[in-house]
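This report describes selected local features of one protein model. Please keep the sequence and the coordinates at hand while reading.

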Amino acid sequence: MKIAGKTVSCGIFTFSCMNLPSDISRDSNNSFFAMISPIGGDSSVTTVVSLMDPIVDMVEKWKNGKLVVTPHFPKGRLISVQVIPLIADQLASNKALGYASHSADCYCSMCTCTLDQVERLDMTAWVYRTSDAVRTQAAAWQAETINSKRDALFSQTGIRVLLFIDYYTATMFGTQSSGFFMFDQSAVVDAMELDNAEFTRRIDKELGFLHFEQANLQEEPSQARRFRCTNASVLTVDSTDSSNDSEFLPDADDGDSNSSESGTDDLVDAPNTHWRWGRREPVKPTFDAAGIAQLRQGISEIIAPSWFERPPSNIGEAKHGKLKATMWFNLVAKCMPLILLEIWSTNSNARELDLLSNLHHLVAAGNLICSFTASDETSDEYVALFTAYRESLQKLWPNSGSVPNHHYAMHLGKLMKRWGPLILLSEFPFERHIGQAEKIKSNHHYREWDYAMLRKLCHKGRLAAKLESDNQLQITDVKGETLARILQSNSCTQSTLDTGHSFTAKELNAAKQMLPDNLYNLIGQYLIERGEPVRHAAHYPHPLDAVVLPMHATPHNYIQQHGRQFSVRKMHEGNSLVRFRHRQGMGHGFIQEIWHLELQATGRTFIIIEPLEAVAENQDPFTGFPGFECRLAYDRDTQERYVIEPQQLIYHLVARRRPTGTFGIEKKTLIMCSLNQGRVPE
């Protein structure tokens, strides 16, 4: 969304404790907001390094450990602190770590490929940077005092002043964000050139190279409008605007660059590449007006849970504003497979089949890189899929060259092997701190914004920590909501790993009802099959040690599990469509009822599922595209019911209903796509 008027920029530096579970380590009460860079002009490389040096020096003193006295360790406990890794988007990471930007000839921080080699796909031919070589090159640059010679070194190596932390590997300290993968998307940007010219231009500018947004503040608004945080044990550095930083972005088109200060004269000649600053040769639109209408109609028909950030149904129109990275991911990985397979697979057009294969490779690679689980095998599979995606790009659009984003994404497999699931090291949770900061009232005192934001963020973190540690402290608002719950709802992260579920006291004390006979018998049968012998309440007389299944239970419409709300179908169809475990294996279905009862002085919750019958694999077209993670089921009531408990729920699904005749199946069907992403083991 366009921000009019004068703007200024700032950046946030945050430390998070990586020893904590990933779902709480980014909370404000577990984060240390080290500083906010001065608000005003853009932060140059020199400014960023100067701000980071004292922080790194402070942490360096804790490298070998210090004795810290705590209530549980009155004699002291040896605590060691190290800064690893640095989490930021690609441009902020390169600026903080001393590498050149994507417009430099030596743009990559992990290998020596140059811009004119961006189309190379054989990774075995790439020459990878080594930590020792990078340190040597950075030291040589820093030791040189003549600007012209520094320029020459920078042009040759793409490396300048470096963070000198002796225990980190220079080439692997920063984590290339999986965020710019969601989605760089030539299959959308190039293949989906929309009918709105301004929107297309803006999307190509946004996704044609790295997602890099400056931290924007209006000069005199009532509050900060928008600015970005990136993140290090974790140091977080903001992706402040680098467009005027001549030390970072040597470019022939930058008429304002000051070579006397930063020295970039030797870099003004751009290499022979297909692009420069995101400009790419236009391609023929893949979708016409009818195709765009089909896509919009498909998006509007999708059944999704309430927490799912649905792409706008008017996609392609400028009035819906800029889409967040999560929406791009949901559009490409979760919505498009439900729509485009039907359109492209039913035609005999060879190009559309190639487009479908291209999309499949991209979505499959994206699902792997954005998964909450990782292994060496999935890392290798990701590289193979993304390489196949880029090969198909070159065939489908031979006149539209690759951009650095494509090259950066090739390295994600190697980073996955080192760090594990990259989604756990993405900068998106830290950007939510910015969402809190931008709501802080400024009263037009923009020169005091940095201090006010830092102070308020720290206050919130300390208050959340106090409420978490003191169970006796209860503060409620006029609506009866506790302060702890209000802070949790605005938390920078929401746990999706907690398998427990709970009801409020009001819900537990709700009036009980008699279970219908069919459900009572179904629950009893379920318990017996699990090896829990229970007796029917009407089967008198009962032995003294018998476990009798109560005939009365409390009905509920909602239940919290895995950090998400699951509901019965009559309340919210999207929240009721789930993947679950049962005795026969895995299944999909709708939650019809939720009952809570007391059994042997223990509360038990039983969920009644209406299962969906899967279409045979030889009739399911998604069988040939496993990377979409979609399945086809008949959209009808089988009259069968399963009983499960909350721990057997896996996750929500998104789905789209299709009429009779779709894919040649003479029955109504439902296309389903999982939203689990490896969060819950299956």
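The sections below cover the basis of the model, a helix pair, aromatic rings, backbone features and individual residues.

## Basis of the model

The model is predicted; local features need pLDDT of at least 70, side-chain atom pairs count only at pLDDT 80 or more, and totals for chains, interfaces and linings use all residues. Residues are numbered from 1 along each chain as its sequence is written, and side-chain values use heavy atoms, with hydrogens and water left out.

Helices (H or I, at least four residues) and strands (E, at least two) are DSSP runs, numbered from the N terminus.

## Helices H10 and H12

Two packed helices are described by the angle between their axes and the distance between the axes. Helix H10 (residues 376–396) and helix H12 (residues 412–419) have axes that come within 8 Å and cross at roughly 170°. H10 is therefore roughly antiparallel to H12. Axes here are lines fitted to C-alpha atoms, for helices over the stretch in contact, and angles run from 0 to 180 degrees between N-to-C directions. Angles under 35 degrees count as roughly parallel, over 145 as roughly antiparallel, 65 to 115 as roughly perpendicular and the rest as oblique.

On the H10 side, the contact (heavy atoms within 4.5 Å) is made by Asp376, Thr378, Ser379, Asp380, Tyr382 and Val383. Leu412, Gly413, Met416 and Lys417 contribute from H12. By class, the residues of this contact are four nonpolar, three polar and three charged. In this scheme Ala, Val, Leu, Ile, Met, Phe, Trp, Tyr, Cys and Pro count as nonpolar, Asp, Glu, Lys and Arg as charged, and the others, Gly among them, as polar.

## Aromatic rings

The whole structure contains nine aromatic pairs. Rings of Phe, Tyr and Trp (its six-membered ring) pair if their centres lie within 6.5 Å; planes under 30 degrees apart count as stacked, over 60 as edge-to-face and the rest as tilted. The pair of Phe580 and Tyr642 is edge-to-face, because the ring centres are 6.1 Å apart and the planes stand at 75°. Phe580 belongs to strand S14 (residues 577–582) and Tyr642 to strand S18 (residues 642–644), so this pair links distant parts of the chain, 62 residues apart. Phe580 is buried at 0% relative accessibility, and Tyr642 is buried with a relative accessible area of 19%. Buried means under 20% relative accessible area, exposed over 50%, partly exposed in between (1.4 Å probe, protein chains only).

Phe625 and Phe628 make a stacked pair, 5.7 Å centre to centre with 20° between the planes; both residues are buried. Ring pairs also join Tyr382, Phe386 and Tyr389 into a cluster. Two arginines have their charged ends over rings: Arg418 over Trp419, 5.1 Å from the ring centre, and Arg569 over Phe590, 3.7 Å from the ring centre. A charge sits over a ring if NZ of Lys or CZ of Arg is within 6 Å of the ring centre and within 35 degrees of the ring normal.

## Backbone features

The peptide bond from Tyr540 to Pro541 is cis, with omega near -10°. Pro541 lies in the loop between helix H17 (517–529) and strand S11 (552–556).

Positive phi values occur at two residues that are not glycine: near 55° at His562 and about 55° at Glu629. His562 is in the loop between strand S12 (558–561) and strand S13 (564–567), and is buried at 2% relative accessibility. Glu629 is in the loop between strand S16 (602–611) and strand S17 (630–634), and is partly exposed with a relative accessible area of 36%.

## Individual residues

His582 is in strand S14 and is buried at 16% relative accessibility. Not counting residues up to four places away in sequence, His582 touches Gly587, Tyr642 and Gln648. His407, in helix H11 (residues 404–410), is buried at 0% relative accessible area. Among the residues that His407 touches, beyond four places in sequence, are Tyr107, Cys108, Cys111, Cys113 and Arg390.

Trp307 lies in the loop between helix H7 (289–301) and helix H8 (325–345) and is partly exposed, with a relative accessible area of 23%. Trp307 touches Arg564, Tyr651, His652 and Leu675, again leaving out residues up to four places away in sequence. Trp307 and His652 are 345 residues apart in sequence, and their C-alpha atoms are 10.0 Å apart.
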